Amino acid sequence: MAVLNISKFLFDVPEGNVFVTSDGRYLKNLMHLRTCLRNISGKSFSHHVNNNKNDFAEWIKSSIGDEELFSRIRNKKTIKDHFVLIDKRVNHLLNYRTKNRTLIFPEDSKKYSIKALNKLEDYLN
């Protein structure tokens with residue numbers, strides 16, 4: 001059975017890699033980004049995504065490490081395109097876990113509370 005290390009995509013990024021949006025929101029993982037995109041203003045979104053840059057794509061690549069999502073989202077310019085692709089990726093990762101019944105926790109998982117790990121495990125089940 002193939003094993004996908006979904007934890008590096010779904011767990012919080014290290015404290016120094018948290019994304020702070022122009023409207024002051026703190027994004028620690030893909031699920032936070034997905035939630036943010038549900039109600040981000042056009043002004044805030046265009047501060048991060050425009051013809052010259054895509055801060056969200058760069059953060060996904062450099063902080064989350066999801067090269068596959070990065071390659072799909074880097075040239076997208078709308079809130080809807082970002083939301084749809086991120087939502088699809090998160091759901092894929094969660095469905096992969098459910099289907100294959102496998103989860104690998106990060107090597108540094110000791111820094112996560114047992115309660116947080118159990119909560120994620122319950123959510124994934």
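**Legends to close-up views of a predicted model**

**View 1. Overall organisation of the chain.** Of the contacts formed in the chain between residues at least 6 apart in sequence, 58% link residues at least 24 apart. The model shown is predicted. Its secondary structure consists of seven helices and two strands, arranged from the N terminus in the order α-β-β-α-α-α-α-α-α. The chain has 125 residues, 40% of which count as buried. Its accessible surface amounts to about 7,500 Å², with 49% belonging to carbon and sulfur atoms.

**View 2. The buried side of helix 4.** Helix 4 spans residues 55–64. Within helix 4, the residues F56, A57, W59, I60, S63 and I64 are buried. Because these residues cover an arc of only 165° around the axis, they lie on the same side of helix 4.

View 3. At the N-terminal end, helix 4 is capped by N54. A side-chain oxygen of N54 is placed 3.3 Å from the backbone nitrogen of F56, a residue that is itself buried. Just after helix 4, G65 adopts a positive phi of about 85°.

**View 4. F11 in the loop between helix 1 and strand 1.** The loop that contains F11 runs between helix 1 (7–10) and strand 1 (19–20). F11 has a relative accessible area of 9%; buried means under 20% relative accessible area, and F11 is therefore buried. F11 and L30 are 19 residues apart along the chain, and their C-alpha atoms are separated by 8.4 Å.

Note on methods. Residues are numbered from 1 along each chain as its sequence is written. This is a predicted model: local features need pLDDT of at least 70, side-chain atom pairs count only at pLDDT 80 or more; totals for chains, interfaces and linings use all residues. Side-chain values use heavy atoms; hydrogens and water are left out. Buried means under 20% relative accessible area, exposed over 50%, partly exposed in between (1.4 Å probe, protein chains only). Helices (H or I, at least four residues) and strands (E, at least two) are DSSP runs, numbered from the N terminus. The arc is that of the directions from the helix axis to the C-beta atoms. A polar contact is a pair of N or O atoms within 3.5 Å; within protein, one must be able to donate a hydrogen and the other to accept it, and residues adjacent in sequence count only if both atoms are side-chain atoms. Contact means heavy atoms within 4.5 Å. Accessible areas come from the Shrake-Rupley method with a 1.4 Å probe; for residues, only the protein chains shown count as cover.
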